[in-house]
Amino acid sequence: MTSDPVSDPNCIFCKIVRGEIPAKKLHEDEHVLAFHDARPQAPVHFLVIPKAHVPTLYDADMRHHQALGRMLALAGELARKAGATEGFRSIINTGRVGHQEVYHVHMHVLGGPEPLGPMLHRRK
């Protein structure tokens, strides 16, 4: 992390927040940004991120409660507006084992007209 706790100059999501990389935005306010996923895995697939750079949920603390709360509070409204009217899945991957690909906290919101299937395959 850089000396600036709000932004990382190399983080792709920070670059989106700063307007250096275009994104198809769904919502933006002082704390969060929501935009369509560049590689959608469902008919409805968007991301909600805090504007401040927080690498993982391990790094989140009470300083980030407003952004993290807004992420959850907006998910339903944005999912409905995007077309997920009968339910959706929200996922926050954390760390290597959690398959986090971009180290800036982000919530995937996925849905569509058909059920998404099981979240994980059960181990035998």
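Val-32 has Pro-50 of strand S3 as its bridge partner, in a model that is predicted. The two strands concerned, S2 (residues 32–36) and S3 (residues 44–50), pair in the antiparallel sense over 5 bridges. Around this pairing the briefing sets out the sheet and its helix, then the salt bridges, and finally the cysteines.

**Sheet and helix**

- The sheet is open and is formed by 5 strands in the order S1-S2-S3-S5-S4, with antiparallel pairing.
- Its edges are strand S1 (25–28) and strand S4 (88–91), each of which pairs on one side only, and from one strand to the next the twist averages 15 degrees.
- Helix H2 (residues 65–82) lies across S1, S2, S3, S4 and strand S5 (107–111), and the helix runs at about 160 degrees to S3.

**Salt bridges**

- The structure holds 7 salt bridges, among them one between Glu-28 and Lys-51, whose closest N and O atoms are 2.9 Å apart.
- This pair links distant parts of the chain, since Glu-28 belongs to strand S1 while Lys-51 sits in the loop between S3 and H2, 23 residues apart.
- Glu-28 is partly exposed, with a relative accessible area of 38%, whereas Lys-51 counts as buried at 19% relative accessibility, a value that falls under the 20% limit for that class.
- Arg-70 forms a salt bridge with Asp-29, with the closest N and O atoms 2.6 Å apart, and this pair too links distant parts of the chain, with Arg-70 in helix H2 and Asp-29 in the loop between S1 and S2, 41 residues apart.
- Arg-70 is partly exposed, with a relative accessible area of 32%, while Asp-29 counts as buried at 17% relative accessibility.
- Lys-81 forms a salt bridge with Glu-77, the closest N and O atoms being 3.0 Å apart; the two residues are 4 residues apart in helix H2 and are therefore separated by about one helical turn.
- Lys-81 counts as exposed at 66% relative accessibility, and Glu-77 counts as partly exposed at 37%.

**Cysteines**

- With a disulfide requiring a pair of cysteine sulfur atoms within 2.5 Å, the count comes to 0 disulfides.
- The sulfur of Cys-11 has its closest cysteine sulfur in Cys-14, at 3.7 Å, which is too far for a bond, so Cys-14 is likewise in no disulfide.
- Cys-11 counts as buried at 7% relative accessibility, and Cys-14 is also buried, with a relative accessible area of 2%.

Note on methods: Residues numbered from 1 in each chain as written. Predicted model: local features only at pLDDT ≥ 70, side-chain atom pairs only at ≥ 80, totals over all residues. Heavy atoms only, no water. Buried < 20%, exposed > 50% of the residue type's maximum accessible area, 1.4 Å probe, protein only. Pairing = 2+ DSSP bridges. Axes fitted to C-alpha atoms, helices over the stretch in contact; angles between N-to-C directions. Contact = heavy atoms within 4.5 Å. Salt bridge = Lys/Arg side-chain N within 4 Å of Asp/Glu carboxyl O.
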